[in-house]
Amino acid sequence: MRGAQTLEKSSRDVHYTPGETTVAIIGLGYVGLPLAVEFASAGFKCIGIDVDPRKVKSLNAQSSYIPDVPTEQMAPFVQSGLLSATRDFSALADCDAIVICVPTPLRKTKDPDISHILSACSKIVKHLKSGHLIILESTTYPGTTDEVILPIFEESGMKVGESFFLAFSPERVDPGNPEFKTRNICKIVGGVTPECTKRAVELYGHAVDTVLPVSSSKVAEMAKLLENTYRSVNIALANELALMCHRLNIDVWEVIDAAATKPFGYQAFYPGPGIGGHCIPLDPYYLTWKARLSGFEAKFIGLAAEINSAMPHHVVDIVSDALNTDGKCINGSRILILGVAYKKNVGDTRESPALEVMDLLHIKGARLSYSDPFVPAIAHCGQELKSVDVTPELLSEADCVVIITNHSDFDYTAIASHAKLIVDTRNAVKNNLGRNARVVKL
Ligand code: SAJ
């Protein structure tokens, strides 16, 4: 990879050796657990530290709770003692490197919430010892590593780049991605000092195929935010185009497919019911918040987030208009939601737009049910709603079927032939399906 650095090793540069080095991974979620397994498979003793006793218990019982980490891949490392988990931060005393993979959500005010990072660092500093390499992987705003975390560790009296080493390396895990896993996704690494960068590059070089050193932790923090803000902005463009095409009575999906024939200079993004997940809805706010602190208003990024977060309301408007054409209103209508996960073929409902669409429809009096093969139950308006099976009867009884998440498991031919009215926010019901239903697309 251009700019990537292969590891030129000499004895003075070797600090981390399989069989001798112990790596601590703080946070055993969808980022930390795959990383722990990669280090273990490279021969490093790996200690996972998590505040959730269930994760610790499951790992030590050789049972994986992360779909991307098969139990059969993880179990042998637990069995051999290479991989273990604990809730006790004192285990850090036996570690040489510490990687922090904790969540970075947003507060209700859409401001960054780095409390999990601060909590981890306040525990690490109690066990900080000479030679420790600490790497933050959690997505955060530029400056977190050297303006917030570094002072916490330097309270110990130790000097960064000399007695301990600190770097940032963005996680780039894409849950469910069959092609790109932790090992074969280029790892960007930016240290607080050149020696910090060098040591982090050396360590990751054992667990990841390609490592790219950059000049600072800020560059590494910013690169991650660019990656995901790029998606937010382009998805917002697709959503705004959909709003435009809806008024102009143009099929936005056909427009996008036509544009996608351009072999260069264009990447297809698609409109949808809004954006969900743990990254794209949040990351741009980390960027705009930090920019605002330095007196810069990132208008473009903020507007994109506004457009994306307005999409659930647009979906409800389309449902209302579609029912109205049938002489019905949302109030009292039986509405079946297909797919509540935040994207296709996953079971994660975090920030899922489906939940907001359902709340808005509930407020307007809809009689709601949902089906999602990946999500057996959700909390909805203070009660538990269970996923229902999609049957011909259920489809024909519904006044409107709303496709929010286009899981591959759904039988769209059957849906199109039994439903009366479909609002399709993902272009899932292709035009060529023999259908009884009237289909209204985003
Ligand atoms: N979405 C659209 N239109 C699109 C693409 C996505 O509406 O054209 C929606 C999805 O339905 C979802 C949300 O946006 O609700 C986010 O989708 P995503 O495809 O960005 O998936 P994520 O949230 O899992 O993003 C992750 C990110 N990975 C990391 O942060 C490490 C992102 O950088 C990846 O590019 C993305 O996966 C991916 O490519 O799948």
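These legends accompany close-up views of a predicted model. Local features need pLDDT of at least 70, side-chain atom pairs count only at pLDDT 80 or more, and totals for chains, interfaces and linings use all residues. Residues are numbered from 1 along each chain as its sequence is written, and side-chain values use heavy atoms, with hydrogens and water left out.

View 1. The shell holds 17 residues, and Lys224, Asn228, Arg231, Tyr270 and Tyr342 come nearest (near: a heavy atom within 4 Å of the molecule). By class, 8 are nonpolar, 2 polar and 7 charged. Here Ala, Val, Leu, Ile, Met, Phe, Trp, Tyr, Cys and Pro count as nonpolar, Asp, Glu, Lys and Arg as charged, and the others, Gly among them, as polar. Domain 1 (22-215) and domain 2 (253-441) each supply at least three shell residues; the bounds come from an automatic or database domain assignment.

View 2. A polar contact here is a pair of N or O atoms within 3.5 Å. The side chain of arginine 231 places an N or O atom 2.8 Å from a ligand oxygen. For arginine 426, a side-chain N or O atom is 3.1 Å from an oxygen of the ligand. Tyrosine 270 uses a backbone N or O atom, 2.7 Å from a ligand nitrogen. Of the 730 Å² of accessible area that the ligand has on its own, the protein covers 85% (Shrake-Rupley method, 1.4 Å probe).

**View 3. An aromatic pair.** The model has 8 aromatic pairs (Phe, Tyr or Trp six-membered ring centres within 6.5 Å; planes under 30 degrees apart are stacked, over 60 edge-to-face, the rest tilted). Phenylalanine 410 and tyrosine 412 form an edge-to-face pair, 6.1 Å centre to centre with 75° between the planes. Phenylalanine 410 counts as buried because its relative accessibility is 8% (buried: under 20%; exposed: over 50%; partly exposed in between; 1.4 Å probe, protein chains only). Tyrosine 412, at 13%, is also buried.

**View 4. An aromatic cluster and a charge.** Phe39, Phe44 and Tyr204 make up one aromatic cluster. The charged end of lysine 187 sits over the ring of tyrosine 204, 4.7 Å from the ring centre (NZ of Lys or CZ of Arg within 6 Å of the centre and within 35 degrees of the ring normal).

Definitions and conventions. Polar contact = N/O pair within 3.5 Å; in protein donor to acceptor, adjacent residues only side chain to side chain.
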